[in-house]
Amino acid sequence: MSTTTPSAQQRLDDWLAHCERLHPKEISMGLERVNRLRDALGLRFEAPVVMVAGTNGKGSTCAMLESIALQAGYRVGLYIKPHLVHFQERCRVAGAPVDADSLLASFEAVEAARGDVALTYFEFTTLAILHRLAAEPLDLVILEVGLGGRLDAVNCIDADCSVITSIDIDHVEYLGPDRESIGREKAHIMRPGRPAVCSDPMAPDSVAAHAAAIGADLRQLGRDFSYSGDRQQWQWVGQSKRFSGLAYPSLRGVNQLLNAAGVLAVFEALYQRLPISAQAVRTGLALVELPGRFQVVPGQPALVLDVAHNPHAVAALAQNMDQMGFFPRTHAVFGAMADKDLAQILERIAPLIDVWHFTDLELPRAAKAQDLAAEFERLRGLGLIKPPAGVSLVCHSTPLQALSAAAAGIDPADRIVVFGSFYTVGGVLKNGLPRLASAGATGQP
């Protein structure tokens with residue numbers, strides 16, 4: 001009788017399932033538990049730590065920080081989230097996700113240290129990834145904050161430089177009902193006497209107020225650093241440094257220069273410890289990649305993947321789509337969490353979508369496809385959204401089914417946009433990058 005040894009991926013999946021069962025709540029804000037485990041595990045970093053918070057633009061900012069630092073010859077550790085397909089995407093070393101088996105010892109270490117402490121999934125996995133990164137010889141550590149800042153598990157680590165990207169309304173039940181409240185929560189990743197960068201051009205007053213209260217060295221876009229450019233190139237000016245003749249970041253989208261400007265302000269702030277050259281900046285921006293952020297997959301029909309899942313991000317997605325050129329019809333695959341502001345999301349993008357393919361997602365927090373369709377019809381009936389004449393709605397049980405249905409019979413000149421939750425985009429990427437061919441083009445969808 002033969003026995004099969006579980007693979008590293010299966011064992012990691014078992015650990016993740018264990019993490020999901022430990023705490024009665026999916027989200028439980030506070031640092032007491034993670035601070036205790038941080039100390040028990042002896043988690044600390046010798047390399048400078050950059051911590052990134054914000055409503056939108058966090059992932060792009062982290063990716064550009066990593067790419068430039070790698071081009072400068074530094075060994076970089078990155079914690080970025082959530083993942084699209086495999087959990088280990090969240091933990092990157094030297095520009096690539098770590099192997100699943102290399103995370104197992106870190107999960108074991110957290111389990112051994114926690115005793116009877118009931119950690120949430122996010123707390124447990126954050127501590128495991130921090131433990132894994134702390135075992136590496138690194139020159140730079142980049143940590144993306146999950147929700148908010150003040151009480152987020154990542155904030156158990158002291159940042160040498162903090163970054164706050166755009167701030168908008170999201171997670172109001174945890175962060176507050178307005179930009180001032182949300183900005184105050186995010187500002188708590190700053191540390192006294194250390195640099196902090198804010199790349200939101202209209203930052204809430206609460207960000208500067210908290211920086212002043214604790215004595216952080218806040219560097220704000222438009223005051224302490226700025227950028228300008230034309231169709232061919234752009235330039236950046238900071239307090240003591242300047243970069244000119246820069247190519248635009250390879251990440252598409254209307255807000256990427258805001259993110260890139262904040263990234264260069266970080267490197268200016270850390271220049272004594274982490275000097276970079278103009279060539280590293282140029283090459284790093286040219287080569288940066290981040291799946292699912294206005295990612296345009298070439299082919300017929302055109303396919304756009306974007307994890308825009310709040311009104312601010314969806315407004316940027318709509319603007320980006322508007323600048324893509326002419327497409328006879330646009331088909332959308334959309335799935336989202338039930339707590340999102342669906343009215344604001346649909347209002348911003350409904351005029352651009354001719355066919356909606358709503359999808360279920362495999363999460364208890366996710367809205368059902370039928371509920372998304374019902375909300376669409378309710379908003380249309382009230383005149384709160386203005387879709388094109390003849391818009392149609394279809395419901396599906398998975399993102400892949402929704403994408404296959406969208407591609408079936410579509411005109412090759414049309415486009416498909418897959419957006420919403422990370423689980424929506426991740427759902428169409430689970431078997432690799434889709435290569436679509438419409439019924440009117442060669443091949444099969």
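Predicted model: local features only at pLDDT ≥ 70, side-chain atom pairs only at ≥ 80, totals over all residues.
Begin by selecting Ala94, which is placed in the loop between β3 and β4 (96-97). Although Ala94 is not a glycine, its phi is positive, at about 55 degrees. Its relative accessibility is 41%, so Ala94 counts as partly exposed.

Next, select Phe294, in the loop between α10 (278-287) and β12. Here too the residue is not a glycine, yet phi is positive, at about 40 degrees. Is Phe294 buried or exposed? With a relative accessible area of 6%, Phe294 is buried.

**Two cis peptide bonds**

Proceed to Pro301, which is found in the loop between β12 (295-297) and β13 (302-306). Display the backbone from Gln300 to Pro301: this peptide bond is cis, and its omega is near 0 degrees. Then move to Pro82, in the loop between β2 and β3. The peptide bond that joins Lys81 to Pro82 is likewise cis, with omega near -15 degrees.

**Helix α5**

Select residues 121-134, which form helix α5. Now colour the helix by accessibility. Of its 14 residues, 10 are buried, so α5 is largely enclosed by the rest of the structure. The buried positions are Glu123, Phe124, Thr125, Thr126, Leu127, Ala128, Ile129, Leu130, Arg132 and Leu133.

Which elements cover the buried residues of α5? To see them, show the following, which are among the covering elements:

- the helices α1 (8-22), α2 (32-41) and α4 (100-114);
- the strands β2 (76-79), β3 (91-93) and β5 (140-144).

**Leu133 and the nonpolar cores**

Remain on α5 and select Leu133, one of its buried residues. Leu133 also belongs to the largest nonpolar core, which has 56 residues. Within that core, Phe107, Leu133, Leu143 and Met190 touch the most other members. Show the surroundings of Leu133, leaving aside neighbours within four places in sequence: its contacts are Phe45, Gly77, Leu78, Tyr79, Cys91, Arg92, Val93, Leu138 and Leu143.

**Asn56**

Turn to Asn56, in the loop between β1 (49-53) and α3 (58-71). Its relative accessibility is 13%, and Asn56 therefore counts as buried. Which residues are in contact with Asn56, leaving aside its neighbours within four places in sequence? They are Thr165, Ser166, Asn310, His312 and Ala313.

**Helices α11 and α12**

For the last stop, select helix α11 (residues 311-322) together with helix α12 (residues 342-349). Two packed helices are described by the angle between their axes and the distance between the axes. In this pair the angle is about 10 degrees, and the axes are 9 Å apart. The helices α11 and α12 are therefore roughly parallel to each other. On the α11 side, the contact is made by Pro311, Val314, Ala315, Leu317, Ala318 and Met321; on the α12 side, Gln344, Ile345, Arg348 and Ile349 take part. Colouring the contact residues of α11 and α12 by type shows eight nonpolar, one polar and one charged.

Methods
Residues numbered from 1 in each chain as written. Heavy atoms only, no water. Axes fitted to C-alpha atoms, helices over the stretch in contact; angles between N-to-C directions. Helix = DSSP H or I, 4+ residues; strand = E, 2+ residues; numbered from the N terminus. Parallel < 35°, antiparallel > 145°, perpendicular 65-115°, else oblique. Contact = heavy atoms within 4.5 Å. Nonpolar A, V, L, I, M, F, W, Y, C, P; charged D, E, K, R; others polar. Expected span 1.5 Å × (residues − 1). Buried < 20%, exposed > 50% of the residue type's maximum accessible area, 1.4 Å probe, protein only. Core = buried A, V, L, I, M, F, W, Y, C linked by side-chain atoms within 4.5 Å.
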